[in-house]
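Please find my notes on this model below.

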Amino acid sequence: MSRPHTLALSAKAALFGALLAGASLLPAAAHADEQYFPLQSYRVGPYAAGGTGFFGGFIDYLNLINTRDGGVNGVKLTWDECETQYEVERGVECYKRQKSKTGVAAWNPLSVGIAYAMIDDIARDKVPLITVNHGRTDSTDGRVFKHVFPLLLNPYSESSGIVNYIAAREGGLDKLKGKKIAVLYHGSPYGKETIPIYQLLAEKYGFTAEQIEVPHPGNEQQSQWLSIRRSKPDYVVLRGWGVMNPVALKTAQKVGFPADRIIGNVWSNSEEDVIPAGDAAKGYTAITTQASGADYPVLQEIVKTVYGAGKGNLDDKKRVGSVYHNLGIVNGILNVEAVRIAQEKFGKRTLTGDEVRWGFEHLRLDPKRVEALGAKGLFHSINVTVANHEGEGRVTFQQWDGAKWKVVSDWIAPDWALLRPIIEKSSLAYAAQHGITVRDPAAEDASN
Amino acid sequence: MTDLALDKPVPPNAAGPNRTAPTARRGMVRPSPTALGVGLLLAVAFGLLPLVGSEYLFDAILTPFLALALAGLGLNILTGYAGQVSLGSAAFMAVGAYAAFNLSLRLPELPFVVDILLAGLVAAAVGLVFGLPSLRLRGFYLAVSTLAAQFFVQWVFNKVGWFSNNSPSGIVTVPPLSVAGLALDGSVGRYLFGLSVVSVVTLVVWRLVDSPTGRALAALRDHETAARVIGLPVLRLKLLAFAVSSFIIGVAGVLWAFAYLRTVEPAGFNLDRSFQILFIVIIGGLASLRGAFLGAALIVVFPLALARLGETLLGGLFDSGVLEMSQRIVLGLLIIAFLIAEPAGLSALLDRLWHRIAGRLTALCSRLCPRSGSNRSV
């Protein structure tokens, strides 16, 4: 190889390197009046069913707002996706990558692990972090976790809601006395989060809680269900995730435990959990914050406007109106309405993350407003405040009839007053450990 | 650096425990081009990058790269130099991370540097225990028995709440990083901290593998029976390899938890991570210090660059799931190509490239340069 050739090669290499570096450092072009949603989604890996449904619904709703309304008060919504595979490191990388773009509204990683890893940075960057239906329970206390929002339902409220539902089926909270409830939980941070709360509820209402761990990923549960058969509980609460759910239902059928006495939690409530179990899932009941089905006006508009124009996000149109898809849509409604509420205060323009945070802290959607949004029956209401970042979400229960979910209860309120002291104890400990000044909600409301 | 001593079969008498290494002494006196390169690299890493790098560069690329490179270095002592296969690396990382977390939580008066050392020692102790089967088992059998460490450690951290300070979910947030009163919780601070730790440990390992002990380990790898025949304390060496390797991997775990993610959860240290570290060592090059760094660079940086490229070129056409899948295919093919080109890993590949370039330059010089030049270049 002669010298010029080598030079040309190295020039090429340098050019390639510069291109790569350029791609990574390219500043986001400044857009007038756009609000950006960075989506740390997961479409591959073991939890892809949840990821594609949820982020599909979220994107479909954002698309609807852009197509039908031209954005939120003229501010166009933008988004892009970064694949995390539900892995913490990838989620962190996505966060660092996507945060450089302008006009970030809120983060929605849909993963407890990723959310935990982001909490420090979120506080520093002053952008809201939304963990709808999951997340760190004590982040409900907005006085300490200013930018974190476990909207609608934190894990403690979910447990309380399930116990209240079982009580309603038995004929009252006093009827729980002497009953036995087995909690079958996924052997992961998410699954373990509710161990103390079931213990507390058991002491309060006089039932026995038997908590049984299923090691991740949960495709072998013979011994757990044999011990359930031996101890004959009145109910089994299924706190599963992914493949663990259909396996639990099938194994229950094998050991002869009736499906209608199994109550699923909020991550065991999707079509993807029951269809693989076939017959064994018939009669199985699960909690949800958002009903399934595509009959709601907002769903109909998405089908007409977004899917009609060929811009729908789900590959399989049959999944429109499924539990995860509807959760994504509800999450879209909550995010968009927070932006809308913040715009009323700060102006109809691209907002900063902290301004959107203010919007989330004043996210009050009563049943009338929910109806106006075309989501009556899809979810009940939300009432977020500075102190309460969960927002008093109601839950309902749905039963699988072998082909679809059927709502079988009213909207039930968890026992928030009982849970609040435990939440505050944990959040105040966090504040002390991390040197966070606890906010005074009354003063903040007065200054706004 | 050290390949010189290791790539050739070790003459039995050179590995005697009390002999000073002649190569090492020579290396000290006359700095080789490698040493100069390392010096230059360190100058850039310590001096230049903190001034010009972005938060993304530090938090998403360099800090995880450093932690994984260190873990690779640790495993390389065990697998590359001593020839013992282990699939439990992530478990030792977890032990280091949880030990450092509990030390800083329960003994806040200890300086963090001491925490790191103690965390490394705890990992070394656990490594010793799980290294015991190596006294009887070899090869695949040993690999399978180290799986026990992987599953047992993860199970313990999941099961016993004390380790995670009874956090209900089992995920803990580590306290902000500060060394000697100096707050290092920014991305640059955490990067520099990681870089310092990795530099110091690498230096120590470099001296170790170049020492009689290092050569004894290589003898153990190359022919265990022969090593025994010439009187090497085989059992002690094996346990030593496990302890040192686990110590370093434990320190890598501390970096992973404190400098990189700032949260600790058992699921982050699963079997996938162990495989990742093993691949770093294999792809980078067994029994080479450089290999761990090259392998980690490939494993950390390459997928990101590929993802970025794919996103820029095709982001509008396909959704992120399709892109991700195609990246995996490309990555897999490239790894196969790399290993076919050079089964001994990136380190050897680099050596070959370097020799070829140097050879070309010499040839070129001998034609173009004045006479004195060609003499100097060799």
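**Notes on the predicted model**

1. In α9 of chain B, the buried residues are B:G214, B:R215, B:A216, B:L217, B:A218, B:A219, B:L220 and B:R221. Buried means that 20 or more other C-beta atoms, placed from the backbone, lie within 10 Å of the residue's own. The helix spans residues 212-222 and is mostly covered, with 8 of its 11 residues buried. Helices here are DSSP runs (H or I, at least four residues), numbered from the N terminus.

2. This is a predicted model, in which local features need pLDDT of at least 70 and side-chain atom pairs count only at pLDDT 80 or more, while totals for chains, interfaces and linings use all residues. Residues are numbered from 1 along each chain as its sequence is written, and chains are lettered from A in the order in which they are written.

3. Between the chains, 30 residues of chain B are in contact with 33 residues of chain A; contact means C-beta atoms, placed from the backbone, within 7 Å. On the chain B side, the elements giving two or more residues are α4 (55-81), α13 (289-314), α14 (320-341) and α15 (346-368). That side divides into 12 nonpolar, 10 polar and 8 charged residues. Nonpolar covers Ala, Val, Leu, Ile, Met, Phe, Trp, Tyr, Cys and Pro; charged covers Asp, Glu, Lys and Arg; the others, Gly among them, are polar.

4. Chain A is assigned domain 1 (34-153 + 293-383 + 423-447) and domain 2 (155-288 + 398-414), with bounds from an automatic or database domain assignment. Their C-alpha centres lie 27 Å apart.

5. In chain A, 14 residues of domain 1 are in contact with 16 residues of domain 2. On the domain 1 side, α4 (112-125) and α12 (323-346) of chain A each give two or more residues. The residues of this side are 8 nonpolar, 6 polar and no charged.

Conventions:
Two residues are in contact if their C-beta atoms, placed from the backbone, lie within 7 Å. A residue is buried if 20 or more other C-beta atoms lie within 10 Å of its own, exposed if 12 or fewer, and partly exposed in between; C-beta atoms are placed from the backbone.
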